[in-house]
Each structure stands twice: as structure tokens, then as C-alpha cells.
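Here is a short tour for someone meeting this structure for the first time. Have a look at the picture, then read on.

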Amino acid sequence: MLLFAVRRFGAAILVLFAISVLVFLIFFATPGVDPAARIAGRNADPATLAQVRHSFGLDRPLPIRYALMMRHLFISRDLESFVNRGAKVVPQIIQAAPITLSLVLGAAVIWMLLAVLMGTLAARLRGTLVDPLIMLAGVVGISLPVYWLGEVVNLITQNRLHDGLFSWVPPLGYVGFTEDPGQWALHLLFPWLTLAVLYAGIYARVLRAELVANLNEDYVRTARAKGISERRILLRHALRCSLIPVVSLFGLDFGALVGGAALLTEVVFGLPGVGKLTYDALQNVDLPMIMATVLYAAFFVVLANAAVDVVYARLDPRARHA
Amino acid sequence: MPDALLEVSDLRVTFRTRQGPVTAVDGLSFTVAAGEVLGIVGESGSGKSVSMLSILKLIRDPNAQISGSVLFRGRDLLALPDRQLRDIRGRDIAMIFQDPMTALTPVYRVGWHIAEQIRAHEQVSKRAARDRAVQLLAEVGIPDPTRRVDSFPHEFSGGMRQRVVIAMALACNPTLLIADEPTTALDVTTQAQVLDLMRRLRATHGSAIVVITHDMGVVSEIADRVLVMYGGRAVERGPKSEVFRRPRHPYTWGLLDSVPRVTGPKVRRLPAIPGAPAGPHDAATGCSFAPRCRLRHPACDARPELRGAGSHLDACWLPADGRPALREETHG
């Protein structure tokens, strides 16, 4: 098991290296494009261009350029955004990352709890009215666009009912966990719920389908013949096996969200996270920032997948030798 | 029979379907005495498995309707509430299923499976349950049981898994073991080992066994008495030696003749029973085997009941004395 984890993370590091090379090549070796002009931004003066050329070693061979770039990113961390008048890129990401992580982690906990609860209940009560009702609630959750739901939540909690029912809701924005954990949670509560609604719906439906399939498996019949209670069959046998595909789905979604896919939620709730950072960088064609956020996103997707594979192997012994 | 352990009478299982009700088991009655091995034989779809599953109320299909009575030590299992039935399942009546590859929950170790069974019915510590699991694995012939108890099901071969399933079934010393095609999914040498194991365990644990199979060879190996089923009904019932030596029902003849023989004169072509097994929708008012029977005659339009002298019964309208001759004649 430990060996599996070590191997899996070793592989993840290789993948990350490959991604960094690929990203580098896309930005610096696309034929017919002058990377210096791109990095310096629109209408840059010749002096800036020369500075960029020198700073990124654009007159030197590719491998050296790659090494220089990685030094800018990870060692000296002084990659500058020229569009943004010399703002350092890496510190911005380091500042934004905890916000996105807080948002996604909290939402993930909520949606997983909700999904397991809804999915299990629906599968248990199959054939009654409760099952289609829960599944309907799931579809509604999936169908609500985050930006709309977020705005409605804001309208209610920040404006219409702010003087009454929701007077305890703090203004939009982010408070660091280390500053004040209570305020951190309070500020993030509605963003969490908003983001979780969509995923809870999807996961509840996936889990229910898995459970229904698993409850028809032979091993469930064996367990019944053993005299095991229905409750234990559902939770210890069927649910345990049904969680395996859910976990792999979770890895993909979690990685993507931390990598910036939570953008809409971040924008609606005024959270200056990585999604927002990427979005602004794209608007300004801020190449160094885009490159850094792409690498950051890749980092989390790969890391989340490696972590999920380890959890997967923990859940499913058959995967350990693969 | 005074010492009947299990007494099934007039068991009827009907499924509601879009095409109307389908009767899978139609008025099945039999008894199993303590320590006895009953072999239930029949083709796929003859209602063998369904009848055994319904005895323990393991049919979860809400469209299934079960009637009749299943007396186990005088208690009607069909009338018991689920809570009490659960105490009987696994402790008094254990069941082994056909496909050992899928019978175990893939994410748990084999020792865990056996311990779960023990702890569901007895108040013992995890440690003690595990020790019992090791003992049981040794008993069913798993080599190196102290190490293998921590293996996962996918690390075992089919035959080994069936041994694990058997060990699990025997964990609480059940008085009745129902084995639903226990050897069908295994290769021939493994089949022999598993049968041998079941015979040995019957001696040590003293369980009565109901073996469901479509394989006459399995029945001849292990059974004391035989029940032949066709189309959800019993067509012949009797002691094994009687049924094998003097089979009475044309369907039983067919079953016996379709077993390939290694010794004796070589037959050009293995005799098969013509036609296909009765489908559940072919609601027959007469003998359900009649459409495939070469000896069909007008009397077959009425349904024959199980009857006969002594312990050997059959459901056929043919005259009792002329049958051996008729059997020879049909495939001369």
C-alpha cells in the first residue's frame, strides 16, 4: 500500500515535469510567434522587448530557456508581468491559492456528505416516492447555473433579508483561516453551499445508480443469505463498493476546481482566488501569469489524481497491483 | 416423515410480468431429513434455484408472490418476520451459490467475510472470529490458512473461492446447507474436489444438504435422494439408487441418457431431449413435459400428480409396469 503510494506520487512528478515542458513549448516555441512581443504585451517599446529577450534568454538554446523559465518560476520566483507593470506573478498565485483551496475543500466536504446521504437514501427507498423526489432535487441542483444561484443567494442574504433573517451574514470577500477561523467559515458558507449544490446533485445520482447496480450483485445475495442486516448490507457492502467510481470522479472534479474551474463562484462572491486571477490574466493577455496559472492548475489536477488513486487503492484492493 | 428437518409443501412462486403472471414454481412439495442429502435436478429454468431462494425469502423482486408453506423445525419460514428469518439465515440454514467469482464482496479479505458471518450470529470477539476463520479455511483445504486469511477474493482461483464460500457457509454449523449449483462454474477436477469436500464436511458437521444441479453426475456422487424438476414441478422423486436404476419419468430418462459415458459401447450420437425447456409463459394445463415427450398420448392433456408406491414417486400417465420396455424402445 505504502509502496503503491510512493510509486503513484513518483509517477505524478514525472507527469508534472512533462506538463511543464509542454507548457513551455507552447508558450516559447510556437513557430512564427515572437514570445518576447507576447510577453511584453501590446505596444511594448523596444527597450522592454530587449529586456524580456534577455531575461528569458530568448537568444539562447531551448533547454537553457526552459531552465531559465523554471528558475524564474520556482527558485527566484521573480517572474514579472509586463502587462501589469512589473507585478510579480508567483506571489499573486501563492496569495490566491489558499482562497480557492478553502472554497473548493469546504464545498467538496459538503457535496460529498450531501451526495452520500441523498444517494444512499434514494437507493434504500427505491420504489417509494422518496427516491424520485430526491433525484428530482438532484436534477434541480445540477440545472441551476452557479452564477445565477450565487447572485440570488447574494441578493437574499446581502440585500433583501439582510436586515432580518440573514443579518449574521458578513459582507462579500475573504478572511484568512489563520486570521479568524470563525469569520473564515462564515464568509465562505454561502459560496460553499452554492458550489456544492451542483456537484451534490451529480454525485447523488451517480452514487444512487452505482448502489442500485451493486445491490443486484451476487455478493449482496450472499450477504443476505449469511443473515446480515439490510442496513449493514447497504452500508458495509454495497456503499463501500459504490464509492469506488465516485472517488475517481471526485479526483477529476476536485483537481479541475482547485485549478481554476471555480471561477464563476469566485467572481460572484468576490473571492480573489486563482480562477479570478486566471480570468483577469486572460483578459489582459498577461502571458507570464497565464503560464504560471496553467502550471498551477496542472499541478493540482495531477496531484489530486495521484491522491485519488491512492484513496482508490485503499478502497479497492484489486487496484493495488495495477 | 417424523424427523423432517425441512418440509416444503405446495410451494408456489409467481412473478407478475407485463405478459401476465408467470409461474416459476408450481406446487412443489418435498422434505429433507436431518443429515440427509437431497439432490434437485433439472434443466435451466425448471425452477430449482427460485424455489430454494424463496425458501429463505431471498427473492427481492417486488413482483414475486410466494405461497405455500416451508416448515423448518416446525416453524413456517414464509410467515416469519424478517428479523427472525435473518437469525435463521446463515446460522441454521446456510446457502452456497453458483458463481464463486462474484459471491464475495471484492473489497474485503476472505477472513473478514467469514468473521462477519460468525459475528452476525454469535457474540464473539474479532480475535476469536478470526481464529475460527483460520480453522475453517484449514478445514476446507486452503493451504497456509494463517496467511491466506488476509488475502482478497481476487487473489484466489475459482475453486479456492468456492472453498472459502463453503467455509463461510459452515461457519455457524448450519443444520441445513443449500448448495445452488456449487460446482457448475468450476472445472472438472475442481468439481470433484469440491464434491469430495462437501461429502467430508457433511460427515464432520452433520448438516443436511440440498444440492441443486443440472448435472446427473453430481447427484450420483453426493445425493441420498433425488428430486427431478421440470417446468416448476416435481416430475420424479425417490431414493438415488431407485431413480438411477429404475427411472420412471421420460424426462429423467432423457437426463440420464444425455450424460456421456466413458465405458461401454460407443454411441454414435449423444441422445438429447428434443425441443426446448418449457418457457414460463407456456401455461400448460396438462403435463408440462408433454410437448417434448415421444410417448405423449391423450391422457397427457390432464396434469399428472406425483404418485407411486413407496418412496419412489413420479408424475406420468404411462402405465407403471411397461416403462422399462418403453424406455428401451424410444432410442433402441
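Which residues in α12(A) meet which residues in α13(A)? On the α12(A) side they are A:Val274, A:Leu277, A:Thr278, A:Ala281 and A:Leu282, and on the α13(A) side A:Met289, A:Ile290, A:Thr293 and A:Tyr296. "Meeting" here is contact, which takes C-beta atoms, placed from the backbone, within 7 Å of each other. By class, that contact has seven nonpolar, two polar and no charged residues. Ala, Val, Leu, Ile, Met, Phe, Trp, Tyr, Cys and Pro count as nonpolar, Asp, Glu, Lys and Arg as charged, and the others, Gly among them, as polar.

A few ground rules before going further. This is a predicted model, where local features need pLDDT of at least 70 and side-chain atom pairs count only at pLDDT 80 or more, while totals for chains, interfaces and linings use all residues. Residues are numbered from 1 along each chain as its sequence is written, with chains lettered from A and ligands numbered from 1 in the order in which they are written.

Now for chain A as a whole. It has 13 helices and two strands; these are DSSP runs, numbered from the N terminus, with helices being H or I of at least four residues and strands E of at least two. Along the principal axes, the C-alpha atoms of chain A fill a box of roughly 80 × 60 × 35 Å. Of the 322 residues in chain A, 39% are buried. A residue is buried with 20 or more other C-beta atoms within 10 Å of its own, exposed with 12 or fewer, and partly exposed in between, the C-beta atoms being placed from the backbone. Take the contacts in chain A between residues at least 6 apart in sequence: 70% of them join residues at least 24 apart.

Axes are lines fitted to C-alpha atoms, for helices over the stretch in contact, and angles run from 0 to 180 degrees between N-to-C directions.

| Helix pair | Axes come within | Crossing angle |
|---|---|---|
| α12(A) (274-283) and α13(A) (287-315) | 9 Å | roughly 145° |
| α9(A) (218-225) and α10(A) (230-261) | 11 Å | roughly 145° |

In the α9(A) and α10(A) pair, A:Tyr219, A:Val220, A:Ala223 and A:Arg224 meet A:Ile233, A:His237 and A:Ala238. Those residues divide into five nonpolar, one polar and one charged.

Next comes α7(A). Buried in α7(A) are A:Val146, A:Leu149, A:Gly150 and A:Asn154. They cover an arc of only 135° around the axis, so they sit on the same side of α7(A); the arc is that of the directions from the helix axis to the C-beta atoms. These buried residues pack against α8 (181-215) and α11 (263-268) of chain A. On the face turned away from the buried side are the exposed A:Trp148, A:Leu155 and A:Asn159.

Leaving out residues up to four places away in sequence, A:Arg53 touches A:Ala36, A:Leu58 and A:Asp59.

Finally, the two chains touch: 23 residues of chain B are in contact with 19 residues of chain A. On the chain B side, α2 (82-88) and α3 (110-121) of chain B each give two or more residues, and α3(B) has the largest share, four residues. By class, that side of chain B has eleven nonpolar, six polar and six charged residues.
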